[in-house]
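Here are my notes on the model you asked me to look over. Keep the viewer open and click along as you read.

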Amino acid sequence: MSLKDKLFPDNRLGLDRFWNFSRGGIDNFRSGLRDAVSGVEQTRSRMMEYDQLLVWAVLSLTLIGLVMVYSASITLADGPKYSSYSSNHFLIRHLISLAIALGVGIWTFKIPSKVWDRYSPIIFGVTLLLLVAVLIPGLGKGVNGAKRWIPLGVMNFQPSELMKFATVIFAATYTVQRQEHLHTFIKGMLPMGIAVALVGALLMLEPDMGAFIVVALIAFGILFLGGINAKLFGGLVLVGITSASTIIALSPFRRGRILAFMDPWQADNAANKGYQLTHSLMAFGRGEWFGTGLGGSVEKLHYLPEAHTDFILAVIGEELGFVGVLVMIFLFYWIVRRSFMIGRTALQLDRSFAGLAAKGVGIWIGWQAFINMGVNLGLLPTKGLTLPLVSYGGSGILMNAIAIAMLLRIDYENRILMRGGKL
């Protein structure tokens with residue numbers, strides 16, 4: 001006798017329908033439960049395809065930057081320069097920039113790394129044209145004596161930020177294609193040297209020496225990782241140092257900055273070229289170990305120029321203290337570390353372009369953060385470079401998002417290949 005007959009000995013005709021209905025409901029429940037478990041497993045599998053700690057490090061820097069941009073800019077509307085702005089002006093524009101960067105970053109993640117490899121020379125060439133366009137009257141927009149932006153309505157686009165990304169993918173492609181010539185001067189180093197010199201000439205006309213330094217570090221850093229001849233690389237470093245020294249020596253403005261950097265507390269320097277540096281150092285001094293508290297900065301009250309852009313780390317040091325600065329340093333260290341590990345994995349999988357591009361992103365983020373922090377802390381002469389992912393600035397945030405998205409895509413492709421999949 002079946003279980004149904006034991007449970008329901010009478011009225012079988014009516015109970016047959018009830019039993020079948022109940023059994024169907026149980027089967028549907030079991031099927032739904034299996035689908036739910038399968039969905040959880042698929043979600044977990046997808047999550048394992050991303051470097052979650054890298055994503056959290058990037059999000060942490062971005063959110064800290066959002067809070068600190070608001071804190072550093074909230075009082076700017078009280079001054080004559082920004083008297084027509086509301087106290088939330090820079091916060092709203094920064095939020096818009098982050099929204100645009102997030103959307104473009106998601107779209108960038110869907111692009112296979114081989115596409116960047118294929119079109120990198122075209123992207124590099126187009127970016128060169130944009131650097132020229134900035135210098136054309138009526139197209140380029142000048143701010144504080146520098147012409148670095150192309151107005152696009154929603155935001156002012158800075159081609160030098162795009163050039164950093166273009167240099168990453170172009171140098172990676174160049175290094176892979178010229179691998180057998182990297183030990184020669186004519187076919188190995190000279191073409192890249194000419195390209196970097198051309199970029200440098202255009203950037204110095206803006207002028208934007210900080211961006212030129214970062215571009216040169218990216219290009220020749222990737223060449224070094226790609227296996228360029230050590231003697232040639234040493235000569236290249238010597239030429240770079242000589243060129244930078246010559247540029248500084250021939251420019252009274254830059255020479256004055258170097259002298260102010262050497263002794264910022266000297267009366268004339270503190271009131272002129274060393275003004276930003278002295279107030280940045282005072283901000284760090286006020287912060288001590290744990291800071292004055294969020295919103296408690298005094299230096300942002302029209303004492304420290306560009307507190308929401310180039311010198312935002314000084315405000316972080318004043319309000320969050322030494323501990324807050326250490327957190328920032330660790331987050332940047334983690335991003336650079338993961339970039340190099342992702343690049344190493346790609347190289348082990350015989351994906352040369354992807355590996356060098358990933359390490360190139362690490363070089364870019366790492367060196368720019370190092371220079372910005374060094375300037376804020378008085379370890380390097382003052383340069384107009386923002387803190388990646390943190391400082392106010394639409395173009396910088398946008399290009400950082402594209403670079404991180406490409407890095408995550410390379411990591412995603414690595415994980416597929418390591419599981420035996422195909423791209």
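1. One term before we start: a residue is called buried when its relative accessible area is under 20%. Take Phe 90, which has 6% relative accessibility and therefore counts as buried. Bear in mind throughout that this is a predicted model.

2. Now the overview. The protein chain holds 15 helices and 3 strands. It has 423 residues, and 46% of them count as buried. Look at the contacts with a separation of 6 or more: 70% of them come from residues 24 or more positions apart.

3. Let's go to helix α4, residues 89–109. Its 21 residues reach 30 Å from the first C-alpha to the last, close to the 30 Å expected at 1.5 Å a residue. Which residues of α4 are buried? They are Phe 90, Leu 91, His 94, Ser 97, Leu 98, Ala 101, Gly 105, Thr 108 and Phe 109. Look down the axis of α4 and these buried residues fall within an arc of 120°, so they line one face of the helix. A handy rule here: an α-helix has 3.6 residues a turn, so residues three or four places apart point the same way.

4. What do the buried residues of α4 pack against? Their partners are α3 (52–73), α5 (113–134) and α15 (394–418). There is also a charge to spot at Phe 109: the charged end of Arg 409 sits over its ring, 6.0 Å from the centre.

5. Next, the aromatic rings. Searching the whole structure turns up 11 aromatic pairs. In one of them, the ring centres of Phe 90 and Tyr 392 are 5.2 Å apart and the planes stand at 85°, so this pair is edge-to-face. The two partners come from distant parts of the chain, 302 residues apart: Phe 90 belongs to helix α4, while Tyr 392 is in the loop between α14 (352–376) and α15. Tyr 392 has 16% relative accessibility, so it counts as buried. Together with Tyr 85, Phe 90 and Tyr 392 form one aromatic cluster.

6. Trp 116 lies in helix α5 and Phe 165 in helix α6 (residues 159–177), so the pair ties together parts 49 residues apart in sequence. Trp 116 is buried, at a relative accessible area of 10%, and Phe 165 is buried as well, at 2%.

7. On to helix α7, residues 185–205. It has 21 residues and spans 28 Å from first C-alpha to last, close to the 30 Å expected at 1.5 Å a residue. Among its buried residues are Gly 188, Met 189, Met 192, Val 199 and Leu 203. The elements covering the buried residues of α7 include α5, α6, α8 (209–226), α9 (230–250) and α10 (252–262).

8. Last, the strands. β1 (residues 141–143) and β2 (residues 146–151) pair in the antiparallel sense over 3 bridges, and Gly 142 has Lys 147 in β2 as its bridge partner. How many bridges join β2 to β3 (residues 156–157)? There are 2, and these strands run antiparallel; Ile 150 has Phe 157 in β3 as its bridge partner. β2 and β3 form a hairpin with 4 residues between them, and Gly 153 in the turn has a positive phi of about 85°.

Notes. Residues numbered from 1 in each chain as written. Predicted model: local features only at pLDDT ≥ 70, side-chain atom pairs only at ≥ 80, totals over all residues. Heavy atoms only, no water. Expected span 1.5 Å × (residues − 1). Buried < 20%, exposed > 50% of the residue type's maximum accessible area, 1.4 Å probe, protein only. Arc of directions from axis to C-beta. Contact = heavy atoms within 4.5 Å. Phe/Tyr/Trp six-rings, centres within 6.5 Å; stacked < 30°, edge-to-face > 60°. Lys NZ or Arg CZ within 6 Å of the ring centre and 35° of its normal. Pairing = 2+ DSSP bridges.
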